[in-house]
Amino acid sequence: MDLSYSGEHESFRREVQNFLAENARAIPKHFGVNRPTAEAVAWQRLLIERGYVARGVPRRYGGAECPPDIMRAQILGEEFARARAPLGLVNQGISMFVPTLLEWGTEAQKQDWIARTIRGELIWCQGYSEPGAGSDLASLRTFAVEDGNDFIINGQKIWTTTAHAADMMFALVRTELEAKNRYRGITYICLSMQTPGIEVRPLRTMTGAAEFNEVFLTDVRVPKHQVIGARGDGWRVSNSTLKHERGMLGDPHAALARIRNLLGLMADETVDGVSAIELPVWRDRAMRLQGRALAMKYHAMRLLTAAHKGEDLVLPRLIVKLQATELNHQIAALAVDVMGEMGLLYNDAAHSRAGGLWQKRLMFDLGMIIGGGTAQIQRNIIAERGLGLPREPKMAKL
């Protein structure tokens, strides 16, 4: 494999470096937890104009419409990470829903939603998980029945990220109640969070914050034209969304940036007057994590090549999700260990490091190992479909 860059690509790298230097003051200091700040939206617009984000989105939908170039995509990731500048907004609408809509949506749906979403003006949440149907998504029980030109939806969603701040939800509902195959009869539908009958209740997690929500749907009326793909074909549409979610959870440049921050922390913290980075036990753990992050980087390059060739990426993206979420958690765990008793501090307590960021990540990243399909589910699929191992035995029914 030749990983060197051509002269044309090195020229593009210099262009990106110059852009970042010239626009350093425009880099947002605060990006917004649930809704982007005004400076983050302005930064996003600037990046779209330069063709650095929304690269594959056609211009008629507000994107940059750049031809596929995996090397330029790689350079953008490297240079923005090096400059500690965000490479655009990352949320469920931009990273998961827009690619799904480009694949399955009608022209009217694309015209209505894509431009506003990629500009950060329209915030989406994902209505997949339900009580009793977490990783077993096909057992969902929220149902929708026809009423003229509408569907009327009843049910409950849970672990719905940003539902309290979202404008819209893309959701899975069961429309064919008599379908014998539970993977059939599921419909992918979009609804405004302002629709009467929707109640959002925040869920406080072990981070101390309420990033997730319960969403109760009672006689929620949604026009049929907001169905994505065909009625009853939502399982196939949802799998398009899931493959993009797994990619979103595994940015190798973000992992390498975390490693750099970790090494900085280890250089500052001392044990009996000796820098933590000089202690073999800590250094060995850090080098192992760095090696995994570099492996993720080259795996991502392999995926870019495979995507350019139109190859099936379902299993490789499962590996990204599995590895990335566990790696992030272990990076945070090492940082907290290195801090010793300071690692017990939380929030912005006096003497805490980086405002308690590492402690929050340790708690939050544990949830990411479960969210989007648990690590156990990912391993089962990789083992059974990828490696051809025997299927996991099912529990006997009493």
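The points below go from the whole chain to single residues.

1. A word on the ground rules. This is a predicted model, in which local features need pLDDT of at least 70 and side-chain atom pairs count only at pLDDT 80 or more, while totals for chains, interfaces and linings use all residues. Residues are numbered from 1 along each chain as its sequence is written, and side-chain values use heavy atoms, with hydrogens and water left out.

2. Overall fold. The chain has 11 helices and 10 strands; these are DSSP runs numbered from the N terminus, with helices being H or I of at least four residues and strands being E of at least two. The radius of gyration is 22 Å, close to the 21 Å that the globule rule gives for 398 residues, so the chain is as compact as a globular protein of that length. Here the radius is taken over C-alpha atoms, and the rule is 2.2 Å times the number of residues to the power 0.38. Along the principal axes, the C-alpha atoms fill a box of roughly 70 × 55 × 45 Å.

3. Packing and surface. Of the 398 residues, 47% are buried (buried is under 20% relative accessible area, exposed is over 50%, and partly exposed is in between, with a 1.4 Å probe and protein chains only). Among contacts with a separation of 6 or more, 70% join residues 24 or more positions apart, a contact being heavy atoms within 4.5 Å. The chain exposes about 20300 Å², and carbon and sulfur atoms supply 54% of that area; the areas come from the Shrake-Rupley method with a 1.4 Å probe.

4. Charge. I find 49 positive and 44 negative side chains, with the centres of the two sets 2 Å apart. Lys and Arg count as positive and Asp and Glu as negative, leaving out His and the chain ends; each charge is placed at NZ of Lys, CZ of Arg, CG of Asp or CD of Glu.

5. Cysteines. How many disulfides does the structure hold? There are 0, taking a disulfide as a pair of cysteine sulfur atoms within 2.5 Å. Cys125 is buried at 0% relative accessibility, and the closest cysteine sulfur to its own, in Cys190, is 10 Å away, too far for a bond. Cys66 is partly exposed, at 24%.

6. Lys321 lies in helix H9 and is worth a look, because its relative accessible area is 1%, which makes it buried. His244, in helix H6 (residues 234–248), also counts as buried, at 18%. Beyond residues up to four places away in sequence, His244 touches Ser95, Met96, Pro99 and Thr100.

7. An exposed arginine. Arg204 sits in the loop between strand E6 (198–203) and strand E7 (212–223), and at 65% relative accessible area it is exposed. Apart from neighbours within four places in sequence, Arg204 is in contact with Ala209 and Ala210. Thr187 is 17 residues from Arg204 in sequence, yet the C-alpha atoms are 30 Å apart.

8. Backbone angles to check. Ala54 has a positive phi of about 50° although it is not a glycine; its place is in the loop between helix H2 (38–50) and helix H3 (70–82). Ala354 likewise has a positive phi, near 50°. Ala354 lies in the loop between helix H9 (314–338) and helix H10 (357–370) and is exposed, at 57%.
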